[in-house]
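Dear colleague,

I am passing on the structure below, together with notes on what came out of going through it. Please read the notes with the coordinates open beside them.

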Amino acid sequence: MAATDEIRATSDSLLTTEGPRRPANAGQLTRWTLLFLGGVLMVMPIAYMISTSLKWPHEVYNLKLIPEEPTIENYTYVLEDGRFYWWFVNSLIIATITTLSNVFFDSLVGYTLCKFRFPGRYIVFIAILSTLMIPTEMLVIPWYLMSQQFGWLDTYWGIMFPGLMTAFGTFLMKQFFETVPDDFIEAARIDGLNELQIWWTVAMPLVRPALAALAIFVFLGNWTAFIWPLIVTNSVEMYTLPVGLSSFGDEADVAWELIMTGAAISTLPTLVVFLIFQRFIIRGVVMAGLKG
Amino acid sequence: MADLILRDLVKTFDKTEVLHGINLDVRDGEFVVFVGPSGCGKSTTLRLIAGLEEVSSGSIEIAGRVVNNLEPKERDIAMVFQNYAIYPHMTVRRNIGFGLRSSRAPKAEKERRIEEVAALLGMTDLLNRKPAQLSGGQRQRVAIGRAMVRDPAVFLFDEPLSNLDAQLRTQMRLEIKKLHQRVGSTIVFVTHDQVEAMTMADRIVIMKDGHIMQVGTPSEVYHKPANTFVAQFIGAPSMNMIGGETAEGGIRLDTGGMLSLPQPLPPGRKVTLGLRPEDLMPDHAQPLIEGPVAVREPLGHETLIYVSTPSGEIIAKADGRVPPEVGETVQLGALPENVHVFDAATGEALG
């Protein structure tokens, strides 16, 4: 172990040590400029979000990035307003359950479609994929009618049910399970595991990066979901964060500084989720059990 | 440990029949190697024995029990895969212990088995490592350990050495053979490498296009090949084939030479003569065929010479120290008892 640590340390130092500098050529300059512009484009909205959250209402339409009289009054207001906690908790519960559900069911279906041969397999796969072509906006009406019939309006279940399993997630997991060699599965079969155990103890750990990616996508998607929660919820206590935030202000005026404050606070959990799972993504698919 | 019996084993994929009635008896404790070119059905046969594929017709018996309809785990077999298939997210200890999951033995007993197998494979120090920290040979050893720990009736090996480099392959070959001698279990080993087959097997099963071409000890398949396919498949460089016709007292080669046979065959029959390169000697008292040396391949202790003859290129072995020069005409001859005679039409051995 000591030896490998040493090797790792050496390779790290090799990576960080700066080699002799070569003058940048035109191609590199263009690349850097484009990357810089792209970076600015990405960062600007976030910078404005933070900046606006630190402004007084009268200053909101003054587009200066640095507030003239910075204040944390908005944060105090939002955090002291009980509604914000409700929405935060609602969003957290919904995004967490949906994420767990997706990771479980998408991978179960993806695995089945990938590793089992059964009649109609291809048709099922195509049917699942084809639902990807239908935009949410179109599905909202049938979902709503369904929720109304079943009495799901204004409930957690009502908000969550359309996203508990996704075609995209199933497709993603199927593709990733393709990278798991059949030898692993057959070896496990000979070792006496049943199919569910093989999926859980052998196949799932091998696609951990994909599961992490899926978890991030699903969590973010549900954390920021707006249209469906807006339609299916009626009472303020059932709002999710994005829906709740948009309700700040009154008919005459939108309280941008409060919305931005809420938005700034609401990015924190997504950051946490990302930091937890990105480790798995960056580590990449480990296939060390096989000759590579 | 047990007998393995295959009876009229047939496998069809969709509508294509890939195994056409395989019959084989493997005795308890025997090391049997299936060898043949790709697509000959050797791996399919192994997968049928393992239960990874369903038998189309015929039967598989392990230890006196027909296992056709049993799950792999119920067949009392263990398999080692070409790609090792050891789980990268588990330590060596867990990988080896994985085969014991379904066993009801107490935990201490399982631990003892794992330690025992690890010791046998010389891996005790590596038990807490992950596969990523192991070399190719060590990984394959873990895979073998996982199979051994269950103490199965039959071990199945599916080309386990083909991913290793040449040196390691030779080493592992020896280790597996030693292991077999020590443990004495029944082993079915699949390979496309005839050297592996020759060096490891008690008996070799040579397959082609879903048929068994010959079953025999390494010496039998080498010295008494049943047909031209076996004759050319076993042995490197491969056996030379020369056309001819039986005549009074021997065989007249298409090129004109005459070879007397110890046991004469009825005259007037088209035959193929098989001559191993090492049996063809330059400057023989009774030359059979001659031609200029086209290429030399020095191997140190001997030199392979490729001789251009009217019957095509013939490979012979010459002395390593003073081999004939390229372009030099050599006369090649062989002792009659070293000549293999096959029917020209069917390829079956005669006499």
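In what order do the elements of chain A run from the N terminus on? They run α-α-α-α-α-α-α-α-α-α-α-α-α-α, and chain A accordingly holds 14 helices and zero strands, where helices (H or I, at least four residues) and strands (E, at least two) are DSSP runs numbered from the N terminus.

Before the details, a word on conventions. This is a predicted model, in which local features need pLDDT of at least 70 and side-chain atom pairs count only at pLDDT 80 or more, while totals for chains, interfaces and linings use all residues. Residues are numbered from 1 along each chain as its sequence is written, and chains are lettered from A and ligands numbered from 1 in the order in which they are written.

Chain A

An automatic or database domain assignment divides chain A into domain 1 (36-71) and domain 2 (81-283), and the C-alpha centres of these two domains of chain A lie 31 Å apart. Their contact draws seven residues from domain 1 of chain A and seven residues from domain 2 of chain A, two residues being in contact if their C-beta atoms, placed from the backbone, lie within 7 Å. On the side of domain 1 of chain A that touches domain 2 of chain A, the residues divide into four nonpolar, two polar and one charged; here Ala, Val, Leu, Ile, Met, Phe, Trp, Tyr, Cys and Pro count as nonpolar, Asp, Glu, Lys and Arg as charged, and the others, Gly among them, as polar.

Of the 292 residues of chain A, 30% count as buried, a residue being buried if 20 or more other C-beta atoms lie within 10 Å of its own, exposed if 12 or fewer, and partly exposed in between, with C-beta atoms placed from the backbone. In helix 8 (residues 167-177) of chain A, the buried residues include A:Leu172, A:Met173, A:Phe176 and A:Phe177, and what covers the buried residues of this helix includes helix 4 (82-115), helix 5 (121-130), helix 10 (195-206) and helix 11 (208-223) of chain A.

Two of those covering helices also meet each other: the axes of helix 4 and helix 11 of chain A come within 8 Å and cross at roughly 145°, where axes are lines fitted to C-alpha atoms, for helices over the stretch in contact, and angles run from 0 to 180 degrees between N-to-C directions. Residues of helix 4 of chain A in this contact include A:Ile94, A:Thr98 and A:Val103, and those of helix 11 of chain A include A:Leu214, A:Val218 and A:Trp223. The residues of this contact between helix 4 and helix 11 of chain A divide into nine nonpolar, six polar and one charged.

Chain B and its contact with chain A

Chain B is divided into domain 1 (4-227) and domain 2 (240-343), whose C-alpha centres in chain B lie 39 Å apart. The contact between the chains takes 23 residues from chain B and 19 residues from chain A. Strand 6 (residues 77-80) of chain B gives the most to the side of chain B that touches chain A, with three residues, and the residues of that side of chain B divide into 15 nonpolar, six polar and two charged.

B:Phe155 lies in strand 7 (residues 154-158) of chain B and is buried, with 24 other C-beta atoms within 10 Å. Leaving aside residues up to four places away in sequence, B:Phe155 touches B:Ala78, B:Ala147, B:Ser185, B:Thr186 and B:Ile187.

Elsewhere in chain B, five strands form an open sheet in the order 15-19-16-17-18, with antiparallel pairing; two strands pair if DSSP finds at least two bridges between them. Strand 15 (281-282) and strand 18 (312-319) of chain B stand at the edges, each with a single partner strand, so one side of each is left without a neighbour in the sheet.

Backbone points to check

The peptide bond from B:Ala236 to B:Pro237 is cis, with omega near -5°, and B:Pro237 lies in the loop between helix 8 (228-233) and strand 11 (240-247) of chain B. Phi of A:Asp154 is near 65°, a positive value in a residue other than glycine, and A:Asp154 counts as partly exposed, with 15 C-beta neighbours inside 10 Å.

With best wishes
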